[in-house]
Amino acid sequence: MTSNPTHGTERTDWPERSLDHVWYPYAQMRDMAPPVPVAGVEGTRIRLADGRELVDGTSSWWSACHGYRHPHIMEAVHRQLDVLPHVMLGGMTHEPVVRLGERLAAKAPGDLAHTMFTDSGSVAVEVALKMARQYWDNRGETQRDTFIAFENGYHGDTAGCMGVSDTYRDLRPRFTGLAHEHLTVPLPAEEGPCALERVLAEHGDRIAGVIIEPLIQGAGGMLVHSPKVLRRAADLAQAAGTLFIADEIATGFGRTGSLFACEQAGAEPDIMCLSKALTGGTMAMAATMATEQVFAGFHGDDESTALMHGPTFTGNPLAAAAANASLDLFETEPRVAQAAALEAQLTEELVPLGELPGVVDVRIKGAMGAVQVASDRHKDWMRHRFVEHGVWIRPLGDVVYVTPPLTLAAEDLSRLTDAMGRVVREAFA
């Protein structure tokens, strides 16, 4: 028998091996600097392999809204693991997913009563696009094959998502045949003529849906728009007789200061996408919710009118248990109030940075603060400087931003904002 020198032992040189076989996201691997080696997490801290601790400024891409390893979520997942870690949802069901569907329906805006569960935000959007397209097809309106999206919007990296993500506009030619290009317009103003209204009037009978990131366009640069803009987009779409799709993957679960961003506008989507903080950052899960009207559009005599989608791990019990436990925390702990407190502190501590050399704009919405700088040429250097300052902040192009856990203490938020100011000053001195 061939011996395995690593069997039963834990090698300690894994940080040095980190680039050997792992393909990292959004990175030019040829000259990528070694990634930051993480050995553990607790609360709002990230512990590195060398023992240093970082204050988490990103919630691991907006997901760890309660911080890491919250005991209530951990206990729920451990309990579920002992009983039922996984079973297919094709022809079977289980209590955690039934309860989660009921609870989401009760909390979502409007009558979003029916949920298709998947395992990532991109897939949640893919399902939303398929759902909208087939809804019209089932109604005999087969010409409705086009979506309207917005400039600077981002809805995921998979094929269908690229077609409605303006952030992919320069890359779409590489994916001809995969990413169908849809219509893109600027966000409407709060009042007055707008491109969305014009395009809906010109192409309304072709439009399957209008998709938007409510209140914050994330990957497009942490751009913020008002609830009035969001409400107008919803009203125009629904007045034109098409479906309004809210991509709340990043904005859902307290990030903007309400459980869902659409609540601040009184907007009621026909379809809503969720992921990221759905399980409190514990594991992958996503959801695409639909109204009674949309759901009824798939009723028929055979499978030809059914929604044909079903990932292997759709609605898996472990993720459902984590999501239910996360919802418990929104009901028993003051997450929305914490988001409001973070917003007030971000406003106080980041707005003065607008006077620094090299700063173009400062944007704050809920528990999100962004400082746009004059160039993205320093972003990699800045990321490493932030680690040296004891914080984890990962600039997005020319935007230095934080989306910390909603549970972050005031003194730790000050550590983040102080580091932002120091590093921006150094970069543009």
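Let's start with a pair of helices: helix H11 (residues 379-388) and helix H12 (residues 410-427) pack at an angle of about 135°, and their axes are 10 Å apart. Axes here are lines fitted to C-alpha atoms, for helices over the stretch in contact, and angles run from 0 to 180 degrees between N-to-C directions. This is a predicted model, in which local features need pLDDT of at least 70 and side-chain atom pairs count only at pLDDT 80 or more, while totals for chains, interfaces and linings use all residues. Residues are numbered from 1 along each chain as its sequence is written, and side-chain values use heavy atoms, with hydrogens and water left out. Helices (H or I, at least four residues) and strands (E, at least two) are DSSP runs, numbered from the N terminus.

**H12 and its helix partners**

- H11 and H12 are therefore oblique to each other (angles under 35 degrees count as roughly parallel, over 145 as roughly antiparallel, 65 to 115 as roughly perpendicular and the rest as oblique).
- On the H11 side, Trp381, Met382, Arg385 and Phe386 are in contact with Ala419, Met420, Val423, Val424, Glu426 and Ala427 of H12 (contact means heavy atoms within 4.5 Å).
- The residues of this contact of H11 with H12 comprise 8 nonpolar, no polar and 2 charged (Ala, Val, Leu, Ile, Met, Phe, Trp, Tyr, Cys and Pro count as nonpolar, Asp, Glu, Lys and Arg as charged, and the others, Gly among them, as polar).
- Helix H10 (residues 335-350) also packs with H12, at an angle of about 35° and with the axes 10 Å apart; the crossing of H10 and H12 is right-handed.
- From H10, Leu342, Gln345, Leu346, Glu349 and Leu350 meet Ala410, Leu413, Ser414, Thr417 and Met420 in H12.
- The residues of the contact of H10 with H12 divide into 6 nonpolar, 3 polar and 1 charged.

**The four-stranded sheet**

- An open sheet of 4 strands has the order E1-E2-E3-E15, with mixed pairing (two strands pair if DSSP finds at least two bridges between them).
- Its edge strands are strand E1 (38-42) and strand E15 (391-392), each pairing on one side only.
- E1 runs antiparallel to strand E2 (residues 45-48), and 4 bridges join them; valine 41 stands opposite isoleucine 46 in E2.
- H12 turns up again here, packing on the sheet and touching E2, strand E3 (53-56) and E15, with its direction at about 95° to that of E3.

**The seven-stranded sheet**

- Another open sheet has 7 strands in the order E4-E12-E11-E10-E7-E5-E6, and its pairing is mixed.
- Strand E4 (112-118) and strand E6 (183-185) stand at the edges, each with a single partner strand, so one side of each has no neighbour in the sheet.
- From one strand to the next, the twist averages 20°.
- Strand E5 (residues 146-150) and strand E7 (residues 207-212) run parallel and are joined by 3 bridges; threonine 146 stands opposite isoleucine 207 in E7.
- Glycine 209 in E7 is the bridge partner of phenylalanine 147, and leucine 243 in E10 is the bridge partner of glycine 209.
- E7 and strand E10 (residues 243-247) pair in the parallel sense over 4 bridges.
- In E7, 6 of the 6 residues are buried, so this strand is largely enclosed by the rest of the structure (buried means under 20% relative accessible area, exposed over 50%, partly exposed in between, with a 1.4 Å probe and protein chains only).

Conventions
Left-handed = near helix turned anticlockwise from the far one by under 90°.
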